[in-house]
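I opened a new page for this model today. I wanted its sheet, its cores and one of its helices on record.

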Amino acid sequence: MNAKGDLIARALTLGLGAPTFEAETHGPPHDRRFRVTVRAGGQVLGGGGEGRSKRDAERAASESALQALDGAGAAPAAPDGAPPTPERWPIYGAVLAGALDAALEFAPEDATLDDVRVRAARMYRDLLTDLGHGPDDLEGPGEPL
């Protein structure tokens, strides 16, 4: 399981934008501890994570954020203060990668990375809807979001 990659894909699919990972270090140089907080859509996701390396802390924070998105923790607020959507979308890695490639290819030159991500998430959602693989079709071959 790649918790950080799964979290990024899920956040983009939900329209929350790419998550950011804020790391803090504690302790003496010979015994460093890292604490990571994940934010997406203007909200903290999950309870964060700790580890002896930044990578371990990011993995733990990503797992906590995924649990929060699954409903095991507090649900994040959607952008613009709208209530969070209970919809769960299947994740098809190849389709999501294709949507990201297409969004990047057709983005205006002055587009920000977040603009491209949002456009890719919309393209992905619209494509799955057109194919009948929306939130009501959780029995399909993809993992539910």
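Predicted model: local features only at pLDDT ≥ 70, side-chain atom pairs only at ≥ 80, totals over all residues.

Entry 1: I looked up the strand order and found three strands in an open sheet, β1-β2-β3, with antiparallel pairing. β1 and β3 are the edge strands with a single partner each, so one side of each has no neighbour in the sheet. From one strand to the next the twist averages 20 degrees.

**Entry 2: the two pairings.** I took the pairs one by one. β1 and β2 are joined in the antiparallel sense over seven bridges. Within this pair, E24 stands opposite R35 in β2. β2 and β3 (residues 43-51) are also antiparallel, over six bridges. There V36 has G49 in β3 as its bridge partner.

Entry 3: Which strands does α2 touch? I found that α2 packs on the sheet with contacts to β1, β2 and β3, and that its direction makes about 145 degrees with that of β3.

**Entry 4: S62, F21 and V38.** I picked S62 because it counts as buried, at 0% relative accessibility. S62 belongs to helix α2. Leaving out residues up to four places away in sequence, S62 touches A3, K4, L7, F21 and V38.

I went on to F21, which is in strand β1 (residues 20-26).

For V38, I listed contacts beyond four places in sequence; among them are L7, F21, L45, S62 and A65.

**Entry 5: the cores.** How many residues are in the largest nonpolar core? I found 14, and those with the most contacts inside it are L7, L16, V38, A40, L45, A65 and L69. At least two residues each come from α1, β2 (33-40) and α2 (54-69). The largest share is that of α2, with five residues. I also found a second, separate core of six residues, including A9, Y92, A99 and L128.

**Entry 6: helix α3.** I checked the length of α3 (residues 93-106). Its 14 residues reach 20 Å from first C-alpha to last, close to the 20 Å expected at 1.5 Å a residue.

Which residues of α3 are buried? They are L96, A99, A102 and A103. These residues cover an arc of only 125 degrees around the axis, which puts them on the same side of α3. I recalled the general rule: an α-helix has 3.6 residues a turn, so residues three or four places apart point the same way.

What do the buried residues of α3 pack against? I found α1 (3-13) and α4 (113-130). A99 had already come up, as a member of the second core. On the face of α3 turned away from the buried side I found the exposed residues A94, D101, L104 and E105.

Conventions
Residues numbered from 1 in each chain as written. Heavy atoms only, no water. Helix = DSSP H or I, 4+ residues; strand = E, 2+ residues; numbered from the N terminus. Expected span 1.5 Å × (residues − 1). Buried < 20%, exposed > 50% of the residue type's maximum accessible area, 1.4 Å probe, protein only. Arc of directions from axis to C-beta. Contact = heavy atoms within 4.5 Å. Core = buried A, V, L, I, M, F, W, Y, C linked by side-chain atoms within 4.5 Å. Pairing = 2+ DSSP bridges. Axes fitted to C-alpha atoms, helices over the stretch in contact; angles between N-to-C directions.
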